[in-house]
Amino acid sequence: MTDRKLALEAWEGLFRAQHELLTAMSADFENTPITQAEYDVLLTVTRGPNMTARLRDVTTHMLISQPSVSRLVDRMVSRGLITKTGDPEDGRGSVLTATDAGAHAFREVATVHSHSIIGHMSALDDDELRTLRRLTQKLRDH
């Protein structure tokens, strides 16, 4: 049986660490061509074949609600960062594709953001990083 106090302390530590890291890394998105939420969309889209992803896959990976993702995507389309077309395999769905401008903006921010992530995560050694990766995956799979 899980120690209740230990579980709560571990959760609080994980939650606070995530909050503090995300707050610190929000500076990575100041004065950049895309917002942190747009970066999150483009992360999923640019990793797909031909820089394309289904809207439902983007929604699954985002930490905001589906209606919020839809509004964000519509704003990104109007800004020329992505295109949105009907999904040929699912008439109810949409396919998103990064435009050249969107891919360029993503790469510009990704370079800075990845250095920031590595800098913050360097507080842990490689064994600790592997353990953290394994433990967070275990929590996500539960």
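I began with Phe106 in this predicted model, and I noted that Phe106 is buried, since its relative accessible area of 10% falls under the 20% limit.

I then looked up the aromatic pairs and found that the structure holds three of them. For one of these, Trp11 and Phe15, I read a distance of 5.8 Å between the ring centres and an angle of 35° between the planes, so I wrote the pair down as tilted. Both residues sit in helix 1 (residues 4-25), where they are four residues apart, and I therefore noted a separation of about one helical turn. On checking the surface, I found that Trp11 is exposed at a relative accessible area of 52%, whereas Phe15 counts as partly exposed at 44%.

Coming back to Phe106, I saw that it forms a stacked aromatic pair with Tyr39, with 4.9 Å from centre to centre and 25° between the planes. Because Tyr39 lies in helix 2 and Phe106 in helix 5 (residues 100-121), I recorded that this pair ties together parts that are 67 residues apart in sequence. Tyr39 is buried as well, with a relative accessible area of 11%. I also noted that Phe29, Tyr39 and Phe106 form one aromatic cluster.

My last entry concerns Thr44, which I found in helix 2 (residues 36-47). Its relative accessibility is 15%, and I therefore listed Thr44 as buried. Leaving aside residues up to four places away in sequence, I found that Thr44 touches Ala53, Asp57, Val58 and His61.

Methods
Residues are numbered from 1 along each chain as its sequence is written. This is a predicted model: local features need pLDDT of at least 70, side-chain atom pairs count only at pLDDT 80 or more; totals for chains, interfaces and linings use all residues. Side-chain values use heavy atoms; hydrogens and water are left out. Helices (H or I, at least four residues) and strands (E, at least two) are DSSP runs, numbered from the N terminus. Buried means under 20% relative accessible area, exposed over 50%, partly exposed in between (1.4 Å probe, protein chains only). Contact means heavy atoms within 4.5 Å. Rings of Phe, Tyr and Trp (its six-membered ring) pair if their centres lie within 6.5 Å; planes under 30 degrees apart count as stacked, over 60 as edge-to-face and the rest as tilted.
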